Amino acid sequence: MKKIKSILITLILLLLTWESFAQRPSQIDPEKLQAARIAFITTRIDLKPEQAEKFWPIFNEYNDKREATMREIAELNRNTESISEEQAKDRIKRRFELQQVLLSEEQAFVQKASGVLSAKQILMLNNLARDFTRQLYQRQRGGGGRP
């Protein structure tokens, strides 16, 4: 009964959030986006309530670090037309360093998450971020798609 209630609440949250995206595709509320991401991941990897309570702080910490590192990598790729050859070499070297940081952060995340999730659930997480983003774009373009 508790599992059914949890799934029902998650699905209702997901549907309400998705509905708001369909109404205002150009103005996505970050809080609603986060709620939709949580509902999407929770549903797709079948997170139990006790798993979710432990998993989300681990995931959010990892995701914040990952996003910061990805922004730094993106910054390295800006204004490349006007830099010297030496600066280009430095940027390439830094990009490799940051990619190694990403790998180390992911390894640490998997280590922490493995105390909460099964290996299969962790593996399923790899494609979910891409799937979630793809569905958001489809909804914004009016393509629909199930959440």
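**Note on helix packing and ring pairs**

1. A word on provenance. This is a predicted model, where local features need pLDDT of at least 70 and side-chain atom pairs count only at pLDDT 80 or more, while totals for chains, interfaces and linings use all residues. Residues are numbered from 1 along each chain as its sequence is written, and side-chain values use heavy atoms, leaving out hydrogens and water.

2. Across the whole structure, a search turns up seven aromatic pairs (rings of Phe, Tyr and Trp, the last by its six-membered ring, with centres within 6.5 Å; planes under 30 degrees apart are stacked, over 60 edge-to-face, the rest tilted). Phe-40 and Phe-132 make a tilted one, at 5.4 Å centre to centre and 55° between the planes. That pair links distant parts of the chain, 92 residues apart: Phe-40 sits in helix α2 and Phe-132 in helix α5 (residues 119-140). Helices here are DSSP runs of H or I, at least four residues, numbered from the N terminus.

3. Next, Phe-55 and Phe-109: the ring centres are 6.4 Å apart and the planes at 65°, so this pair is edge-to-face.

4. On to α2 (residues 30-44) against α3 (residues 49-76): the angle is about 120° and the axes are 13 Å apart. Axes are lines fitted to C-alpha atoms over the stretch in contact, and angles run from 0 to 180 degrees between N-to-C directions. The two helices are therefore oblique to each other (under 35 degrees is roughly parallel, over 145 roughly antiparallel, 65 to 115 roughly perpendicular, the rest oblique).

5. Who touches whom? Gln-34, Arg-37, Ile-38, Ile-41 and Thr-42 in α2 meet Phe-55, Trp-56, Phe-59, Asn-60, Asn-63 and Glu-67 in α3, contact being heavy atoms within 4.5 Å.

6. Finally, α3 and α4 (residues 85-113): their axes come within 10 Å and cross at roughly 175°. These helices are therefore roughly antiparallel to each other.
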